[in-house]
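Please look at the sequence and the structure below before reading on. The paragraphs that follow lead through the helices one after another.

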Amino acid sequence: MSTTSALISLTHTVTQKLEICTYVRCLSIDYTINRSILFRKFLSLPIPSQIQRWIFYFFAGHRQAVLSGGEQSQWLPITRNIVQGSEIGPFAYLVYSVDLTIISQYNSIIKFADDTTVLVPQYSSVSMEEEFQHVQRWSAANKLQINVS
């Protein structure tokens, strides 16, 4: 799935819900992935060990620098999160978040790369607040912090 596909899915889902209700609440979260948990979840999958090693080496070998105002920072290893723009990044996040679900069948959850969007329409049997508390509990159990400010 590409970023464009994720945006199309979001737009389509919201449009469908707005056909039968007045509003849809949207909660968007951008996570910073905990690599040790990601690796543990990969290890729980029935993937050949040589593929698992390839995935772990892929994540271990990347560095980044920041360019701001014409000044570049020093290159540092990426120790958290997934590598943006990589083919394996969206898949890795799906592995990480496979157990993140919604409470109500009327609500929707869309996951891409390291982003999660929860949609709660007007007619939902569960409020956005309840869904958010559910997401917060999952996030805490998976060592992810949500910046609520």
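The model shown here is predicted. In helix H3 (residues 49-60), the buried residues are Gln52, Ile55, Phe56 and Phe59. Around the axis of H3 they cover an arc of only 95°, and for that reason they sit on the same side of the helix. The face of H3 turned away from this buried side carries Trp54 and Tyr57, which are exposed. As for length, H3 has twelve residues and reaches 16 Å from its first C-alpha to its last, close to the 16 Å expected at 1.5 Å a residue. What do the buried residues of H3 pack against? Their partners are H2 and H4.

These two partners also pack with each other. Helix H2 (residues 35-43) and helix H4 (residues 88-97) meet at an angle of about 85°, and their axes are 9 Å apart. Angles of 65 to 115 degrees count as roughly perpendicular, and H2 and H4 are therefore roughly perpendicular to each other. On the H2 side, the contact is made by Ile37, Leu38, Lys41 and Phe42; on the H4 side, Phe91, Ala92, Val95 and Tyr96 take part. Sorted by class, this contact of H2 with H4 has seven nonpolar residues, one charged residue and no polar residues.

The next helix to consider is H1. Helix H1 (residues 3-18) has 16 residues, and the distance from its first C-alpha to its last is 23 Å, close to the 22 Å expected at 1.5 Å a residue. Ala6, Thr13 and Lys17 are buried in H1. Seen down the axis of H1, its buried residues fall within an arc of 35°, so they line one face of the helix. On the other side of H1, the residues Thr4, Leu7 and Ile8 are exposed. The buried residues of H1 pack against strands: S1, S6 (108-112) and S7.

Helix H5 (residues 128-141) can be read in the same manner. Its 14 residues should span 20 Å at 1.5 Å a residue, and its end C-alpha atoms are 20 Å apart, which agrees. Which residues of H5 are buried? They are Met128, Glu131, Val135, Trp138 and Ser139. Viewed down the axis of H5, these buried residues fall within an arc of 100°, and they therefore line one face of the helix. The face of H5 turned away from the buried side carries the exposed residues Arg137, Ala140 and Ala141. The elements that cover the buried residues of H5 include strand S1 (24-30), H2, H4 and strand S7 (115-121).

Not counting residues up to four places away in sequence, Ser139 touches Tyr31, Leu144 and Ile146. Gln136 is also found in helix H5, but at 33% relative accessibility it counts as partly exposed. Leaving aside neighbours within four places in sequence, Gln136 is in contact with Ile146 and Val148. The C-alpha atoms of Gln136 and Gly69, by contrast, are separated by 36 Å, with the two residues 67 residues apart along the chain. Finally, H5 is followed by Lys143, whose phi is positive, near 55°.

Technical notes
Residues are numbered from 1 along each chain as its sequence is written. This is a predicted model: local features need pLDDT of at least 70, side-chain atom pairs count only at pLDDT 80 or more; totals for chains, interfaces and linings use all residues. Side-chain values use heavy atoms; hydrogens and water are left out. Axes are lines fitted to C-alpha atoms, for helices over the stretch in contact, and angles run from 0 to 180 degrees between N-to-C directions. Helices (H or I, at least four residues) and strands (E, at least two) are DSSP runs, numbered from the N terminus. Angles under 35 degrees count as roughly parallel, over 145 as roughly antiparallel, 65 to 115 as roughly perpendicular and the rest as oblique. Contact means heavy atoms within 4.5 Å. Ala, Val, Leu, Ile, Met, Phe, Trp, Tyr, Cys and Pro count as nonpolar, Asp, Glu, Lys and Arg as charged, and the others, Gly among them, as polar. The expected span of a helix is 1.5 Å times one less than its number of residues. Buried means under 20% relative accessible area, exposed over 50%, partly exposed in between (1.4 Å probe, protein chains only). The arc is that of the directions from the helix axis to the C-beta atoms.
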